[in-house]
Amino acid sequence: MSVIAEQLSIQYGQTVAVDQVSFEAQAGQITVLLGPNGAGKTSTIEHLEGYRAASSGSSSVLGLDPITDHRKLTKQVGIMLQQGGIPTAIRPRELLQQYAGFFPDSLDPEDLLARVGLTDRSKTPYRRLSGGEQQRLSLALALIGKPKVVFLDEPTAGVDLEGRDLIRSLLLALRQEGVCVLITTHDLAETERLADKVIIIDHGKVIAQGSPSELMSATSSDHLLFGATPNLDCAALSAAVGSQASETSHGEYRVEAPPSPALVAAVTSWLAAQNIQLTDLRAERQRLDDVFRRLTDSSDSTGSTDA
Amino acid sequence: MKAIRSQTRTELALSSRQGEQLLVSLGIPLLILVFFSSIDLLPTGTEEPIDFLAPGVLALAVMSTAMVSLGIGTGFERTYGVLKRLGASPLGRGRWVMSKIATVLVIEVIQWVVLISASMLLGWSPPLSGWVCAIAGALLGTAAFSGLGLLMAGTLPGLATLAAANGLYLILLLTGGMIIPLSELPAPLAAVAKLLPAAPLAEIIIGSLTVGGSVASWAWVSLTCWAVIAPLAAALLFRWE
């Protein structure tokens with residue numbers, strides 16, 4: 001296992017930022033720490049990067065202690081800070097050449113510039129790059145030393161759609177090469193697309209973890225959700241399908257029965273009889289949104305979900 | 001060695017691109033040298049103003065690079081998380097410090113070459129025998145002022161370092177015996193100045209590079225103390241984030 005956190009807690013004075021967090025991340029997988037802002041994601045990842053000591057618990061990165069063996073780990077770990085870390089006057093090529101000089105064996109700065117799409121911006125000072133270009137440069141910096149583990153704190157924050165596609169394809173390539181990729185995000189769409197494993201953190205605690213499909217089917221469903229024209233006659237629908245139906249929000253309906261093929265058929269034929277357009281139908285499988293909202297709402301927080 | 005070379009190259013490239021750093025490290029000393037040697041306004045106490053001003057600005061150059069440029073540059077690097085990011089690279093603190101020292105020394109050599117050339121064009125002819133002491137003084141001064149610069153950079157926010165380093169520079173420029181001899185200052189002020197690092201640095205460099213001059217022993221004692229205490233304090237109190 002490339003990264004292990006066991007009962008890890010991190011405190012700032014009296015404030016407990018990370019509370020007995022346990023998880024593992026393995027090589028050749030993308031592991032996502034998902035949670036709202038202030039959930040403890042950055043504290044956790046900065047501990048693994050060697051910046052924050054734990055107040056209790058233990059952790060290991062490539063079999064070493066991230067704090068006491070920090071010097072040894074710097075050659076094998078690539079990181080991307082949530083913000084800053086790069087001199088405002090430096091040029092992308094210069095920056096990658098500088099860091100390439102710190103490693104016994106590094107990627108070629110020119111190749112890396114091309115991979116993150118910054119070849120034609122290689123002489124532009126950092127401060128004049130767009131937010132997305134700055135993030136891509138920061139990601140390139142994480143990769144320059146051919147790391148075995150990469151820690152990326154909000155890698156797609158402030159990146160436009162095109163940039164996101166590029167970052168996503170780079171991360172998938174790293175997974176292919178067998179790198180252990182650990183990222184933090186509060187972006188559900190990104191998580192659903194990328195994650196092999198999701199660890200949902202809120203208020204410093206792990207509230208769920210597993211593969212996206214495990215999480216999305218974690219609770220065996222006892223209801224059917226569908227979307228259609230608003231203001232349907234729910235009483236008539238309930239009578240027709242033999243189970244309680246209600247409109248949960250504008251044009252969103254919920255039928256209180258296990259989503260058997262018979263129930264699905266009954267609902268759709270009732271809609272068909274009245275020629276009502278069905279916009280979506282969700283049975284067993286929930287969307288990660290639903291899981292995330294349900295879990296974080298119950299612990300009283302506001303999960304932001306900018307897609 | 002490769003890592004130190006890489007880091008030093010970047011440091012020098014970034015320094016050369018900062019207009020205000022160039023102004024402080026070369027512009028101001030050159031201006032003082034040329035202006036006050038052609039217009040005999042300052043009470044230099046020497047027959048030719050250049051004989052006092054030339055070694056004086058060599059001392060000033062050491063102070064401006066080691067304290068002002070290094071302090072302000074490092075202070076902003078700390079504020080912008082540059083030091084934090086470097087901390088996660090294999091460079092390491094030891095090699096980072098060595099790169100900073102190398103950068104300061106390279107800039108000082110360039111300053112001295114330019115200022116000595118300009119001074120000689122203005123008619124300065126220092127005794128050859130004085131250079132060993134002058135360079136020893138410059139190295140002690142570099143240690144002392146680098147310590148002060150890094151102490152400010154490592155404990156104050158970036159903008160506060162900018163203000164403190166520039167403020168201290170101005171005070172030490174006027175009271176440090178670099179462009180106005182200590183003998184011209186009120187006695188109590190001169191006594192205090194001798195305890196600060198600028199006056200002993202000026203005393204050593206000017207005393208060594210003046211024909212028939214000598215260096216008072218208080219200067220070596222005072223500057224050596226600063227050269228030990230300031231870097232030590234910086235090492236103990238420096239916060240990386």
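## Domains of chain A

Domain bounds here come from an automatic or database domain assignment. In this predicted model, that assignment divides chain A into domain 1, residues 3-216, and domain 2, residues 224-282. Taken over C-alpha atoms, the centres of domain 1 of chain A and domain 2 of chain A are separated by 43 Å.

## Overall form of chain A

The secondary structure of chain A consists of eleven helices and 13 strands. The C-alpha trace of chain A spans about 75 × 45 × 35 Å along its principal axes.

Of the 307 residues in chain A, 43% are buried. Among the contacts in chain A with a separation of 6 or more, 69% join residues 24 or more positions apart.

## Nonpolar cores

In soluble globular proteins, nonpolar side chains tend to be buried together. The largest nonpolar core in this model has 75 residues. Those with the most contacts inside this core are A:Val32, A:Leu139, A:Ala140, A:Phe151, A:Val181, A:Leu182 and A:Ile199. Helix α5 of chain A, residues 131-143, gives the most to the core, with six residues.

The surroundings of A:Val32 can be described in detail. Not counting residues up to four places away in sequence, A:Val32 touches A:Ile183, A:Thr185, A:Thr191, A:Leu194, A:Ala195, A:Val198 and A:Ile199. Another core, of 56 residues, lies apart from the largest one and includes B:Phe76, B:Leu140, B:Leu148 and B:Leu172.

## Helix α5 of chain B

Helix α5 of chain B covers residues 92-121, a run of 30 residues. At 1.5 Å a residue, the helix should span 44 Å, and its end C-alpha atoms are 44 Å apart, so the two values agree. After α5(B) comes B:Gly123, which has a positive phi, near 100°.

The buried residues in α5(B) are B:Ser99, B:Lys100, B:Thr103, B:Val104, B:Ile107, B:Glu108, B:Gln111, B:Leu115 and B:Ser119. Their cover includes four helices of chain B: α1, α2 (19-38), α3 (49-79) and α6 (131-155).

## Contact between the chains

Between the two chains, 20 residues of chain B are in contact with 20 residues of chain A. On the side of chain B that touches chain A, the elements giving two or more residues are α1 (2-16) and α4 (82-87) of chain B. The largest share of that side, eight residues, comes from α1(B). By residue class, the side of chain B that touches chain A comprises eight nonpolar, six polar and six charged residues.

Note on methods. Residues are numbered from 1 along each chain as its sequence is written. Chains are lettered from A and ligands numbered from 1 in the order in which they are written. This is a predicted model: local features need pLDDT of at least 70, side-chain atom pairs count only at pLDDT 80 or more; totals for chains, interfaces and linings use all residues. Two residues are in contact if their C-beta atoms, placed from the backbone, lie within 7 Å. Ala, Val, Leu, Ile, Met, Phe, Trp, Tyr, Cys and Pro count as nonpolar, Asp, Glu, Lys and Arg as charged, and the others, Gly among them, as polar. A residue is buried if 20 or more other C-beta atoms lie within 10 Å of its own, exposed if 12 or fewer, and partly exposed in between; C-beta atoms are placed from the backbone. A nonpolar core is a set of buried Ala, Val, Leu, Ile, Met, Phe, Trp, Tyr and Cys residues joined through C-beta atoms within 7 Å. The expected span of a helix is 1.5 Å times one less than its number of residues.
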